[in-house]
Amino acid sequence: MNTEIVASLVLREFRDREALRDLKGEDNIFDYGVSSLTVVQVQAAIESVLQIELPTKILMKYPTANEWSKRYSSALLAK
Amino acid sequence: MQTKFHLTSEQQAQFRRDGYIGPFDLHDRDSMREKYNSLRADLYDREYAIYDLPNDSPLVGYDRHLDIDFFSMHIEHPRIVDKVVSILGPNVCCWRSETFPKYPGDEGTDWHQADTFGHASGTPQIRWPQHSTFGGAITVWTALTAATEETGCLRFIPGTHEEMHYDESIGMSFDPNSVNVIEKGGVRRGFFGYDYRNLQKDADFVPDEGSAVSIVMEPGQFVIFWSTLMHASLPNVTLRDTRIGFAARYVPCDVVVYPDTDLVEEYGSELKLNKYGVVVVAGTGNSANREVLVSNRGYKFRQP
């Protein structure tokens, strides 16, 4: 799966949540008042499609869709 | 001996009368905002957390002073501990901490009082010495983000801390589907999946909300109150502003914590207490309680 497809998937999973409908790739997800439960649900949805898991604590240090995409893409390449 | 940041005699009298005092300044607003940005990530890092819980458990915010350095330092900060010593005496333990996030759209919290803290688990979590005429804990609630009437600040009914209107031994049933859907007195509120009204000693009791005050706080401020004070919080009616508070709970060291308990079951989660202990923040401890001297991440607490 190429980087663009991963980026599209990640952004779509975030935007599927009502509170994050207007999220842009570079936006900090926490600036949208998103709950921890929602973030964990988004992570689970992405990982279900990609069949790969990243530690939540790493993702939370880089809380934008763009940064998540980079990390998932790198992990897929290393798989 | 009086400590540097003790409560004045006037403040102590006010606390005895009202059951709370504050807010006080701890961190300036800008530095607290900056710190909160890194804390948000730390809260998801459970590598050193003492409870084995998934990140979607309602109890992920329990006792993070035992694994996150910022909170480890916070619970023994002299600006807090000196004031708590003014109330509880020279030997003081921190027995519990909790984070209280309230996200946009979240309901308010029911009016409640806590004496034994057994309201959800059904088993007393603290036991004061037999001769004591009173119980509860001192809660120090610090705003990590702004706590306003819009984001869901605390509400207190002053002077209600000496009479319990709730019996925590009655027990409540946990229903996560009840969160965010029930209106009480015209306000959408609940108790994290419980209904605190179920513990009322008098089924017809209604808290006197007309006497309630809102505790509006800037990021980095804290307020001190008896857990037996009638308190609640408002819903978060904002679109994007998360309110998050950090509550540290203190008791005199002769209070026994989690008597005869190895496992706590509440809010749909389990806490195994094998790594749990109190932190003695002033004076000396009590052999009945296991004491933590070093956090799970390696932070060295004050040595009693």
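Asn180(B) lies in the loop between β6 (154-156) and β7 (183-184) of chain B, where strands (E, at least two residues) and helices (H or I, at least four) are DSSP runs numbered from the N terminus. The phi of Asn180(B) is near 75°, a positive value in a residue other than glycine. This is a predicted model, in which local features need pLDDT of at least 70 and side-chain atom pairs count only at pLDDT 80 or more, while totals for chains, interfaces and linings use all residues. Residues are numbered from 1 along each chain as its sequence is written, chains are lettered from A and ligands numbered from 1 in the order in which they are written, and side-chain values use heavy atoms, with hydrogens and water left out.

**Backbone of chain B**
- Gly22(B) and Pro23(B) are joined by a cis peptide bond with omega of about 5°, and Pro23(B) is found in strand β1 (residues 20-25) of chain B.

**Where the chains meet**
- In chain B, 12 residues are in contact with 16 residues of chain A, contact meaning heavy atoms within 4.5 Å.
- The two chains bury about 1300 Å² between them, 58% of it on carbon and sulfur atoms; buried area is the accessible area (1.4 Å probe) that two parts lose on being put together, summed over both.
- Of the area that chain B buries against chain A, 49% is supplied by Arg40(B), Tyr44(B) and Arg240(B), more than any other three residues.
- Two salt bridges are counted between chain B and chain A, each being a side-chain nitrogen of Lys or Arg within 4 Å of a carboxyl oxygen of Asp or Glu.
- Asp45(B) forms a salt bridge with Lys57(A), with the closest N and O atoms 3.8 Å apart.

**Helix packing in chain A**
- The axes of helix α2 (residues 36-50) and helix α4 (residues 65-78) of chain A come within 12 Å and cross at roughly 30°, which makes α2(A) roughly parallel to α4(A), a term for angles under 35 degrees.
- Axes here are lines fitted to C-alpha atoms, for helices over the stretch in contact, and angles run from 0 to 180 degrees between N-to-C directions.
- In α2(A), Val39(A), Val42(A), Gln43(A), Ile46(A), Glu47(A) and Leu50(A) meet Trp68(A), Tyr72(A) and Leu76(A) of α4(A).
- Helix α1 (residues 3-15) of chain A packs with α2(A) at an angle of about 145°, their axes being 9 Å apart.
- Residues of α1(A), including Val6(A) and Phe14(A), meet residues of α2(A), among them Ala45(A) and Val49(A).

Notes:
Parallel < 35°, antiparallel > 145°, perpendicular 65-115°, else oblique.
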